[in-house]
Amino acid sequence: MAELNTGDSGSGKGKVRSKKSDAKVDLTAMVDLAFLLITFFMLTTSLSKPQSMELPMPDKDTKIPPILIADARTLTVLIGPNNRLKYYMGQFASPIEEPTDIGYGKNGIRKKILEKRASVPITMGDAKKGVIVLIKADKKANYKNLVDILDEIAICKVPTYAIVDITKEEAKLFEK
């Protein structure tokens, strides 16, 4: 309990003054109220949730047959060590566009994905058949680079993409 004392400072000499009662301010209720308010706002405030991109993962059922995709729809992005990035269209054995080095960002891979997103439905003759992006990361690639490519796919609004294991032949492209 808090008190405010206003005692007399006289030494007892001189005029005798009437003794006034000490003024007291009780702050207990105010402290209780402050703690109640702090507790209320802590419990009722919603904390910001971390934003994350949904990454669908396949079932563990290994009996699923492989899905055949038209070569003209498949854009493969290879992520290598030392922030290196390559892309090609079609199958690796017989690509429509040869594996080419490209950079990250809006003038690099984003520009290529947007270009393919616009051209593939025209090539396929069906607006529903858009580009499919396959992401293949080398074992020595940075996790940040994979996240950057997933961000580029989200920015470009590519509806169909997959993270696939890189083959030994594709990994050899980064040895040069």
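Which residues form a nonpolar patch on the surface? I looked this up before anything else. The patch consists of Val25, Leu27, Met30, Val31, Phe35, Ile38, Met42 and Leu43. Together these residues have about 840 Å² of accessible area. I note here that the model is predicted.

**Entry on Leu27.** I picked out Leu27, one of the patch residues. Leu27 lies in the segment before helix H1, which covers 28-44. Is Leu27 buried, partly exposed or exposed? Its relative accessibility is 36%, so Leu27 counts as partly exposed. The cut-offs I used for this are under 20% for buried and over 50% for exposed.

**Entry on the whole chain.** I went through the elements of the protein chain and found four helices and five strands. Read from the N terminus, their order is α-β-β-β-α-β-α-β-α. The protein chain has 176 residues, and 26% of them count as buried.

**Entry on strand S4.** I then turned to S4, which spans residues 132-137. How many of the six residues of S4 are buried? Five of them are, so the strand is largely enclosed by the rest of the structure.

I checked which strands pair with S4. Strand S1 (residues 74-79) runs parallel to S4, and six bridges join the two.

What lies between S4 and S5 in the β-α-β unit? I found helix H3, residues 143-156, and the unit made by S4, H3 and S5 is right-handed.

**Entry on Glu152.** I stayed with helix H3 and looked up Glu152, which is found there. Glu152 has 8% relative accessibility and therefore counts as buried. Which side chain is joined to that of Glu152 by a polar contact? I found Arg110, with a contact of 2.6 Å between the two side chains.

Definitions and conventions: Residues are numbered from 1 along each chain as its sequence is written. This is a predicted model: local features need pLDDT of at least 70, side-chain atom pairs count only at pLDDT 80 or more; totals for chains, interfaces and linings use all residues. Side-chain values use heavy atoms; hydrogens and water are left out. Buried means under 20% relative accessible area, exposed over 50%, partly exposed in between (1.4 Å probe, protein chains only). Two strands pair if DSSP finds at least two bridges between them. A crossover is right-handed if, with the strands pointing away from the viewer, the path from the first strand over the helix to the second runs clockwise. Patches are made of residues with over 30% relative accessible area and no salt bridge: like charges are joined within 9 Å, nonpolar side chains (Val, Leu, Ile, Met, Phe, Trp, Tyr) within 5 Å. Accessible areas come from the Shrake-Rupley method with a 1.4 Å probe; for residues, only the protein chains shown count as cover. A salt bridge is a side-chain nitrogen of Lys or Arg within 4 Å of a carboxyl oxygen of Asp or Glu. A polar contact is a pair of N or O atoms within 3.5 Å; within protein, one must be able to donate a hydrogen and the other to accept it, and residues adjacent in sequence count only if both atoms are side-chain atoms.
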